[in-house]
Amino acid sequence: MDKILAVTKKELRSSFNSPIAYIIILLFLVVTGWFFTTTIFPTGLVSMRGITENIIIHLVLLIFAAAISMRTFSEEKKSGTLELLLTKPLKDFDIVVGKFLSALLLVVFTFIPTLVYVISFKIFGLGSIDLGSIFGAYLGLIFISALYISIGIFISSLTENQVIAFIISFLIILILFLFNKILVFIPSPLVSTIEYLSSDYHYLNIAKGVIDTRDLVYFISGIYIMLLLTKTSLERRKW
Amino acid sequence: MSIKVENLTKYYGSQAAVKDISFEINTGEIVGFLGPNGAGKSTTLKMITTYLSPSSGKVFVDDLDISEKSLEVRKKIGYLPEQNPLYSDMNVLEYLEYAAELQSIPKTEIKDAVKKMVKVCGLIEVKHKDIGELSKGFKQRVGLAQAMIHNPELLLLDEPTSGLDPNQIAEIRKLIKDLGKHKTVMLSTHILQEVQVLCDRIIIINNGEIVADNTSEDLKSKFKTQFNVKVVIKRNPAIGKEKLVSELESINNVDKVKVDQEDDVWKVDILTSKDTDLREDIARKVMSMNLVMLELHQEETSLEDIFRNLTRKQ
């Protein structure tokens with residue numbers, strides 16, 4: 001466990017050493033801030049629906065997840081430091097988990113400042129705050145980001161080119177998200193399967209404040225499978 | 001700390017990089033693993049460090065089978081890969097602390113371990129600098145410090161001096177020599193001089209196969225079957241080149257004579273067929289032909305020649 005945290009700590013430090021993290025955090029705050037205020041003023045109700053159902057915010061989240069996970073393994077493959085990690089006395093899976101945690105923490109850090117919006121509405125007494133939906137929205141955001149990151153990390157472990165890693169993981173998570181938006185075009189026998197696979201469907205369920213085990217199982221098993229695939233991809237060197 | 005390699009083979013696809021090699025390295029030895037580029041040196045080291053798995057064969061480190069006790073073996077090994085694994089955005093101290101954490105050094109001892117390595121490897125003046133800003137020589141020292149942060153008994157170094165300038169090479173060699181006093185060291189290189197300076201024993205690998213495994217002295221005496229005598233003679237137009245060659249070849253134990261004609265001198269290469277000194281016979285012969293000898297010296301077959309002979313592509 002100590003070593004997982006050592007990897008997490010090191011990864012976080014290098015994220016904050018590079019400008020990309022700050023740029024994306026800023027971008028995320030500006031976009032969410034804009035949509036937050038524009039939904040509140042017309043309705044007078046502080047709910048998270050304006051955020052959770054907003055496609056542009058979701059797109060920013062997709063870019064964010066792909067961008068922070070693209071370097072996790074690609075960079076180390078390219079610079080040869082992966083050989084350092086893989087010959088130190090720690091399990092391959094520990095490295096994967098360490099990197100996953102650091103990316104997830106980075107996302108959570110990014111979400112924290114958005115609480116300012118919620119608090120400011122409380123302070124200025126704008127509308128009524130629906131605490132349940134706020135909690136659900138944040139929980140859903142964390143779960144869906146974790147899934148996206150785990151996919152991004154897997155793709156990153158397949159190539160030493162960060163740009164390729166970014167594009168491919170962005171495409172995959174975009175498709176996963178869009179499944180829920182194209183259900184009307186899907187032949188009816190497939191609808192429920194596609195809906196189940198859609199990240200957005202489960203995310204919206206949680207964001208409504210209804211925490212159903214079906215949705216949790218979807219996210220947790222998805223993340224776990226992706227991390228296992230990443231570990232397998234690291235072991236490819238031994239085949 | 002010993003290494004035992006048994007019938008180790010590695011295929012990349014259908015291409016064999018290492019073919020059925022076996023050797024043992026005993027505690028305290030400094031062994032040079034020598035071979036041309038692409039001979040299978042790095043692949044072998046990568047298998048010993050558990051980075052790659054062998055296609056067949058076994059490796060034991062301290063009698064531990066590395067395929068079963070991989071994590072334990074990694075704790076005992078210090079490894080510097082050919083591509084120095086540095087994070088250019090970290091400073092030297094951060095990097096060494098990270099290496100120490102990964103190497104499972106107890107938290108309370110990390111500071112001391114890092115401090116010691118900084119001192120031993122001569123990194124005091126650069127310890128707060130980002131690794132990306134360091135010169136290649138310093139980078140290589142940081143790599144060595146990383147490999148030894150946990151005071152391993154076994155040190156595996158893959159071409160530790162490649163790409164350095166002559167001063168840096170001398171410094172790194174000295175460092176390896178000092179550090180190697182109390183450790184078992186296996187060092188891969190394609191530079192012959194390096195093993196001559198550093199190693200007690202030389203394993204030469206070519207095309208994935210071991211072609212020699214000896215101490216450097218043994219290797220020399222084993223392959224020292226010929227002398228090469230080089231003579232420079234002032235040219236005399238009255239005597240033809242052919243005449244000179246036939247006269248020299250008539251000396252006992254001369255194997256081959258080669259004459260290059262340059263302006264007003266002949267440069268002659270004489271290969272003796274046996275381990276005998278023919279300098280006197282040659283000098284007498286030249287004088288008996290009324291020729292003026294300008295230079296004469298005898299060369300022993302060098303390790304370089306042996307290496308070239310052993311690793312020449314068929």
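**Exercise 1.** State which strand order the open sheet of six strands in chain B has, and which strands stand at its edges.

*Solution.* The open sheet of six strands runs S6-S7-S8-S3-S9-S10 (chain B), with mixed pairing. Strands are DSSP runs of E of at least two residues and helices are runs of H or I of at least four, numbered from the N terminus; two strands pair if DSSP finds at least two bridges between them. Strand S6 (77–80) and strand S10 (209–215) of chain B each have a single partner strand, so one side of each lacks a neighbour in the sheet. From one strand to the next, the twist averages 15 degrees.

The model is predicted: local features need pLDDT of at least 70, side-chain atom pairs count only at pLDDT 80 or more, and totals for chains, interfaces and linings use all residues. Residues are numbered from 1 along each chain as its sequence is written, and chains are lettered from A and ligands numbered from 1 in the order in which they are written.

**Exercise 2.** Describe how S7 and S8 of chain B pair.

*Solution.* Strand S7 (residues 154–158) and strand S8 (residues 184–189) of chain B pair in the parallel sense, over five bridges. Asp158(B) has Ser188(B), in S8(B), as its bridge partner.

**Exercise 3.** Find where Asp63(B) lies and decide: buried or exposed?

*Solution.* Asp63(B) is in the loop between strand S4 (56–61) and strand S5 (64–65) of chain B. Its phi is positive, about 65 degrees, although Asp63(B) is not a glycine. With 8 other C-beta atoms within 10 Å, Asp63(B) is exposed (12 or fewer; buried means 20 or more, partly exposed in between, with C-beta atoms placed from the backbone).

Conventions: Axes fitted to C-alpha atoms, helices over the stretch in contact; angles between N-to-C directions.
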